[in-house]
There are 2 protein chains.
Amino acid sequence: MTVPGLLIIISGPSGAGKGTICQSLLQHRPDIFYSISATTRAPRDGEQDGINYYFKSKKEFEEMLARDEFLEWARVYDNYYGTPRAPVTEAIAAGKDVILEIDVQGAMKVKEKAPEGVYVFIVPPSLDVLRTRIIGRATDSMEIINKRMNKALGELSKLYEYNYVVINDVVAQAVNKLECIIEAEKCQSQRYRFVPDGGVQATLIVPKS
Amino acid sequence: MTVPGLLIIISGPSGAGKGTICQSLLQHRPDIFYSISATTRAPRDGEQDGINYYFKSKKEFEEMLARDEFLEWARVYDNYYGTPRAPVTEAIAAGKDVILEIDVQGAMKVKEKAPEGVYVFIVPPSLDVLRTRIIGRATDSMEIINKRMNKALGELSKLYEYNYVVINDVVAQAVNKLECIIEAEKCQSQRYRFVPDGGVQATLIVPKS
């Protein structure tokens with residue numbers, strides 16, 4: 001009787017730093033299963049199939065779509081991106097906690113199919129920091145930067161779609177909060193049941209399997 | 001604008017070890033306010049007013065009762081016991097987290113008046129351990145021990161009245177879980193609000209005050 005793992009959705013606007021937080025969390029908790037996306041875009045230099053993405057042909061992706069094999073998916077210009085459902089559900093059934101690092105739009109789609117997930121909203125500590133982060137990684141025009149800023153601000157209003165908020169000021173503190181959220185979720189009383197006839201040796205309150 | 005603290009109810013059957021856990025938690029987190037009960041029973045050797053209990057005369061206690069100054073109270077044989085409300089609400093308003101260490105019956109009464117509290121159920125790891133703990137601190141007859149065991153078993157069925165379950169096997173681990181629960185509760189999205197017009201310097205997602 002395996003106790004199922006948690007589905008933890010790490011989401012937030014671009015520039016919130018969710019990637020950095022996930023990487024650091026996985027270093028602390030190598031037991032966590034990190035969900036890898038599938039895409040039809042070509043691998044970039046150094047990217048490996050099954051590590052950065054599952055690289056699929058358009059035909060393969062569309063066949064998976066037809067079989068409803070994605071937890072969420074999107075078409076961005078000419079390419080598909082999606083979260084294959086099977087690796088996630090298998091890991092959870094095997095008792096592993098699963099992390100899904102995903103943008104706000106994707107998180108909202110996952111929520112429709114998996115409302116039981118733990119939805120964590122990573123937010124930048126300030127508008128200044130958000131702008132610096134968005135500029136810092138872009139080689140784009142002010143027009144595009146402003147567009148991204150406005151998109152990020154719109155996404156921040158989705159706050160209450162999430163269970164938890166983690167303000168990403170100091171990464172180590174944000175990761176610690178995330179670890180606490182996972183620990184606390186595992187203590188939620190709905191995850192337990194009382195075994196009054198458990199016998200003398202038995203544990204009386206046991207995790208639900 | 002102070003962000004209110006949390007009201008954390010640490011409860012469970014006798015023999016669960018809630019006292020040990022609270023003491024250890026307070027050593028880690030001396031900033032937490034530990035709610036002290038009022039009683040009309042006489043102080044025992046070494047007990048100090050305002051530290052172990054607020055010692056009150058029967059008249060004083062009944063006057064407090066008439067003014068509805070208790071979060072919960074009970075009469076046990078000839079003595080009153082109760083949780084004065086004012087120190088708790090004042091500490092929370094000042095931004096302090098408050099711990100209420102209380103039996104199951106008391107916790108259920110507190111829940112009626114303060115459903116917004118964080119209700120943590122401390123449970124023994126097994127029936128064996130529960131029995132050992134109940135015997136260990138009693139100099140009573142088997143009849144009384146069995147009575148306590150049955151009461152504890154009945155109380156364990158109240159599991160779902162609580163938000164969280166902490167199985168008290170290794171105290172340090174149980175305390176760590178409790179600290180995580182507090183941390184995670186502070187990350188709950190309902191405790192935050194979005195400030196879209198916060199200006200460039202402003203934090204965009206701020207705790208509700």
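Me: Where does Asp68(B) sit?
Reply: Asp68(B) is in the loop between helix 2 (58–66) and strand 5 (70–76) of chain B. Helices (H or I, at least four residues) and strands (E, at least two) are DSSP runs, numbered from the N terminus.

Me: And what is its phi?
Reply: Asp68(B) has a positive phi of about 55 degrees, although it is not a glycine.

Me: Buried or exposed?
Reply: Asp68(B) counts as exposed because it has 9 C-beta neighbours inside 10 Å. A residue is buried if 20 or more other C-beta atoms lie within 10 Å of its own, exposed if 12 or fewer, and partly exposed in between, with C-beta atoms placed from the backbone.

Me: What kind of model is this, and how is it numbered?
Reply: This is a predicted model, where local features need pLDDT of at least 70, side-chain atom pairs count only at pLDDT 80 or more, and totals for chains, interfaces and linings use all residues. Residues are numbered from 1 along each chain as its sequence is written, while chains are lettered from A and ligands numbered from 1 in the order in which they are written.

Me: What pLDDT does chain A average?
Reply: The average for chain A is 91, and 95% of the residues score at least 70. pLDDT is the predictor's confidence in each residue, from 0 to 100. Among the elements of chain A, strand 1 (residues 7–11) has the highest mean pLDDT (98) and strand 11 (residues 205–207) the lowest (76).

Me: What about the complex: which ipTM and pTM does it get?
Reply: The predictor gives an ipTM of 0.91 and a pTM of 0.92.

Me: How many residues does each chain put into the contact?
Reply: Chain A gives 35 residues and chain B gives 35 residues. Two residues are in contact if their C-beta atoms, placed from the backbone, lie within 7 Å.

Me: Which element of chain A gives the largest share?
Reply: That is helix 7 of chain A, with five residues of the side that touches chain B. By class, this side of chain A has 24 nonpolar, eight polar and three charged residues. Here Ala, Val, Leu, Ile, Met, Phe, Trp, Tyr, Cys and Pro count as nonpolar, Asp, Glu, Lys and Arg as charged, and the others, Gly among them, as polar.

Me: Switching to helix 5 of chain A, which residues are buried?
Reply: They are Leu127(A), Leu130(A) and Ile134(A). Seen down the axis of helix 5 of chain A, these fall within an arc of 60 degrees, so they line one face of the helix. The arc is that of the directions from the helix axis to the C-beta atoms. What covers them includes helix 6 of chain A.

Me: Now strand 7 of chain B: how many of its residues are buried?
Reply: Five of its five residues (98–102) are buried. Val98(B), Leu100(B) and Ile102(B) are on one side, with Ile99(B) and Glu101(B) on the other.

Me: Which strands pair with strand 7 of chain B?
Reply: Strand 1 (residues 7–11) of chain B pairs with it in the parallel sense over five bridges, and Ile9(B) stands opposite Leu100(B). Strand 2 (residues 33–34) of chain B also pairs with strand 7 in the parallel sense, over two bridges. There, Tyr34(B) has Ile99(B) as its bridge partner. Two strands pair if DSSP finds at least two bridges between them.
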